[in-house]
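Hello,

Here is the structure you asked to have passed on.

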Amino acid sequence: MDETGLLELLRAHRTIRRFAGGEVEDGLVARCVKAAQCAATSSHVQAYSLIRVRDRGERERLAELCGGQAQVGEAAAFFVLCADQRRHRLVVERTGAEFGPNFDDFLVAVMDAVLFAQNLALGFEAAGLGVCFIGGLRNRLGEVYRLLELPADVLPLFGLCVGPAAEEPPVRPRLPLAGVFFEGRYPDDAQLLDAIDEHDSVMEREYAAAGKHGRTWSGGIARLFAAARRGDVRAHYRAKGAGLD
């Protein structure tokens, strides 16, 4: 794939929530996972893991735990992406030393997992499949841990639905470059607010075209952050060995 083709693939990303029937064959999954492993990884620690959930009952239960997101059960394939320091604990303890991850180790594992996940999603999209990341996996983490019987040091971050798409939603506009890309120094708040206003005007038209009149991007953000969400996530991760103290 040349540069133009790659950039077009990146720009064409959209979230698919309605999936058609079909399968994601094991060979394609293996190829995409191997390609995803080529993502950058801090100090080559490769602090991530991927769990494919095949059991229909477990997927339906996960759909409930994720806030009733039906696509978790309906997509051709569903994966759980984890920040994973289990292998590192085994390596360290095998030497007789004590494994004591800190907060930076936690950040490294999360970043490794996210980079791996983005590569994985791009691989599936390049194969013509739709994808949907599921942050709702963290809604009820304790029950997710019990359902999947996850050991210590394995931290489920989000899910990924994959399969043939049954819809073609538009690509959602992003913030203008002036709101996210800066030369030399971070800008003053006035520049950020100008970029927000510009994005609001674009998104207001997008929402109106979808019959959602009067909505803006900043209005949604204000509502999203107005109340605490998933307040137990830190405690669950700490209990499983994450260095969050």
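The second largest pocket has a volume of about 180 Å³. A pocket here is an open set of points on a 1 Å grid over the protein atoms alone, where a 1.4 Å probe fits and protein lies on both sides within 12 Å along at least five of seven lines; lining residues have an atom within 4 Å of a point. The volume is the space filled by probe spheres set on the points, which are joined across faces, edges and corners. There are 13 lining residues, and Arg14, Ile16, Glu125, Leu129 and Gly130 are the closest to the centre. By type, the lining of this second largest pocket has 6 nonpolar, 3 polar and 4 charged residues. Nonpolar covers Ala, Val, Leu, Ile, Met, Phe, Trp, Tyr, Cys and Pro; charged covers Asp, Glu, Lys and Arg; the others, Gly among them, are polar.

All of this comes from a predicted model, in which local features need pLDDT of at least 70 and side-chain atom pairs count only at pLDDT 80 or more, while totals for chains, interfaces and linings use all residues. Residues are numbered from 1 along each chain as its sequence is written, and side-chain values use heavy atoms, with hydrogens and water left out.

The largest pocket holds about 1300 Å³ of space. Its lining has 31 residues, and Thr15, Arg17, Arg172, Arg174 and Tyr207 lie nearest the centre. The lining of the largest pocket splits into 13 nonpolar, 7 polar and 11 charged residues.

Next, the strands (DSSP runs of E, at least two residues, numbered from the N terminus). Two strands pair if DSSP finds at least two bridges between them. S4 pairs with strand S2 (residues 77-84) in the antiparallel sense over 8 bridges, and Leu81 stands opposite Phe158 in S4. Strand S3 (residues 130-134) also runs antiparallel to S4, joined by 5 bridges, with Phe133 opposite Leu160.

How do the planes of Phe133 and Phe158 lie, stacked or edge-to-face? They are edge-to-face, 5.5 Å centre to centre with 85° between the planes. Rings of Phe, Tyr and Trp (its six-membered ring) pair if their centres lie within 6.5 Å; planes under 30 degrees apart are stacked, over 60 edge-to-face, and the rest tilted. Phe133 is partly exposed at 31% relative accessible area, whereas Phe158 is buried at 13%.

Regards

Technical notes
Helices (H or I, at least four residues) and strands (E, at least two) are DSSP runs, numbered from the N terminus. Buried means under 20% relative accessible area, exposed over 50%, partly exposed in between (1.4 Å probe, protein chains only).
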